[in-house]
Amino acid sequence: MPGEFMRVTMSPALHGDCLWVEYGNNRKRRRILIDGGPIGAFSILDKRIADLPAGDRKFELIVLSHVDTDHVDGLVRLFAESPLRFAVDDVWFNGWRHLEQNHKLLGGMQGEYFSALISKRAPGRWNKAFKGKAIIVPDGGGAPPVVKLAGGMKLTLLSPTPATLEKMRTHWKKDVVGKAIKPGDLEAAWKKLASDKKYLPPSKVLGPEDQLAKLIAAQSRSDAAAPNGSSIAFLVEYAGKSCLFLADAHHGVVAPSLRELLKVRKLKRLKVDAFKAAHHGSRGNTSVDLMSLIDAKYFLISSNGQQFKHPDKEAIARMVGGGGRVKPVLCFNYRTKFNEYWFDEARQKALGYSVKAPSDEFRGVTLAL
């Protein structure tokens with residue numbers, strides 16, 4: 001169809017992720033939101049939604065990849081408003097009910113909060129494409145699960161696996177113990193959230209019935225392996241354009257899924273327009289093996305580096321040196337002392353890559369693929 005497009009925006013989400021995908025044509029624009037960043041960056045997301053036309057504030061899909069604070073906090077704050085200022089057709093998130101299959105209700109603390117909010121704010125739309133069940137790449141190999149959204153957008157799931165969700169189940173249970181609620185106790189989480197000023201809208205629009213309480217003490221703890229491994233990661237494809245969104249997923253999970261996909265498509269490498277680096281460009285999430293499976297033009301790194309000094313040079317070197325046959329473009333949503341090394345023009349020429357970054361720290365980066 002004439003005028004088809006896909007755009008990816010990395011919002012300035014401090015040390016976290018908040019990714020905005022738009023696709024469609026001259027007649028209809030559709031959206032996907034992936035993660036909400038830490039609470040300190042919420043104002044950017046809030047303004048972007050407020051700037052949408054009143055009759056066009058809709059998302060085909062909102063994804064919370066996993067429960068680390070630099071991904072979940074903004075979405076908890078966003079869904080805390082009542083009524084919601086936007087419509088959403090499907091919300092992807094693996095809560096306690098998906099980790100503990102025999103549990104009748106729903107869990108880490110922010111996960112409990114978001115679980116409660118989805119249940120209240122978007123009933124019937126939680127993991128809708130998966131019929132309410134866990135979003136998971138099954139054991140045993142074979143083609144990864146595929147979901148088609150309205151308008152022709154195709155998503156191919158690459159992570160998590162049963163093993164990484166099981167590890168997250170143990171982590172989640174430990175995180176919630178001693179916080180005055182039990183894993184999966186949706187009503188207790190709902191009551192506990194209401195008095196947490198971190199998430200309450202200034203107008204207190206939660207209402208008197210929305211009494212939900214204090215967040216966990218470990219707000220600023222470092223990312224843990226279990227949450228990262230439980231990340232929902234996927235490939236999006238629309239109108240001949242594509243991007244890999246890897247959240248904080250483990251390369252040991254993503255690479256086997258990609259191999260299964262390549263086998264189905266009878267390819268040696270997957271050619272994509274963009275590759276959203278896992279875990280903000282951490283060396284532990286971008287392996288030489290993973291890079292050998294893709295051919296990408298744009299490499300997206302979302303971080304201001306302040307929390308964990310991301311990106312790591314080793315990870316970027318693997319992208320530049322092993323990301324396929326095209327001349328790669330490194331896309332940063334901040335220019336910082338932690339990525340300044342890659343802006344050196346002589347280095348760019350010698351290694352055959354280029355760099356894209358915003359002119360100021362409030363703009364982020366938008367790519368028209």
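Mentor: The largest cavity is lined by L64, S65, H66, V67, F93, N94, L99, L165, M168, W172, S230 and I232. The model is predicted, so local features are taken only at a pLDDT of at least 70 and side-chain atom pairs only at pLDDT 80 or more, whereas totals for chains, interfaces and linings use all residues. Residues are numbered from 1 along each chain as its sequence is written, and side-chain values use heavy atoms, with hydrogens and water left out.

A cavity is a set of points, on a 1 Å grid over the protein atoms alone, where a 1.4 Å probe fits but cannot get out; a lining residue has an atom within 4 Å of such a point. The volume of the largest cavity is about 70 Å³, where volume means the space filled by probe spheres set on the points, which are joined across faces, edges and corners. Its lining comprises eight nonpolar, four polar and no charged residues. In this scheme Ala, Val, Leu, Ile, Met, Phe, Trp, Tyr, Cys and Pro are nonpolar, Asp, Glu, Lys and Arg are charged, and the others, Gly among them, are polar. Helix α5 (residues 162-176) contributes the most to this lining, with three residues. Helices (H or I, at least four residues) and strands (E, at least two) are DSSP runs, numbered from the N terminus; the protein has eleven helices and 16 strands.

Of the 369 residues, 58% are buried, that is, under 20% relative accessible area with a 1.4 Å probe and protein chains only, while exposed means over 50% and partly exposed lies in between. A nonpolar core is a set of buried Ala, Val, Leu, Ile, Met, Phe, Trp, Tyr and Cys residues joined through side-chain atoms within 4.5 Å. The largest such core holds 43 residues, and L33, L78, F79 and F114 have the most contacts inside it. At least two of its residues come from each of α1 (42-50), α2 (69-79), α3 (96-99), α4 (109-121), α5 and α6 (186-193). Helix α4 gives the most to this core, with six residues. Leaving aside residues up to four places away in sequence, F79 touches I62, L84, F86, V91, F114, L117 and R121, a contact being heavy atoms within 4.5 Å. A second, separate core has 33 residues, including I32, M153, F234 and C331.

Some details of the backbone complete the picture. S82 and P83 are joined by a cis peptide bond, with omega about 0°, and P83 lies in the loop between α2 and β6 (87-88). Another cis peptide bond joins H310 and P311, with omega about 5°; P311 belongs to the loop between β13 (294-301) and α10 (313-322). A247, although not a glycine, has a positive phi of about 50°. A247 sits in the loop between β11 (241-245) and α8 (251-265), and it counts as buried because its relative accessibility is 7%. K131, also a residue other than glycine, has a positive phi near 55°. K131 is placed in the loop between α4 and β8 (146-148), and it counts as exposed because its relative accessible area is 76%.

Terms used
1 Å grid on protein atoms, 1.4 Å probe; cavity = no way out; pocket = protein on both sides within 12 Å on 5 of 7 lines; lining within 4 Å.
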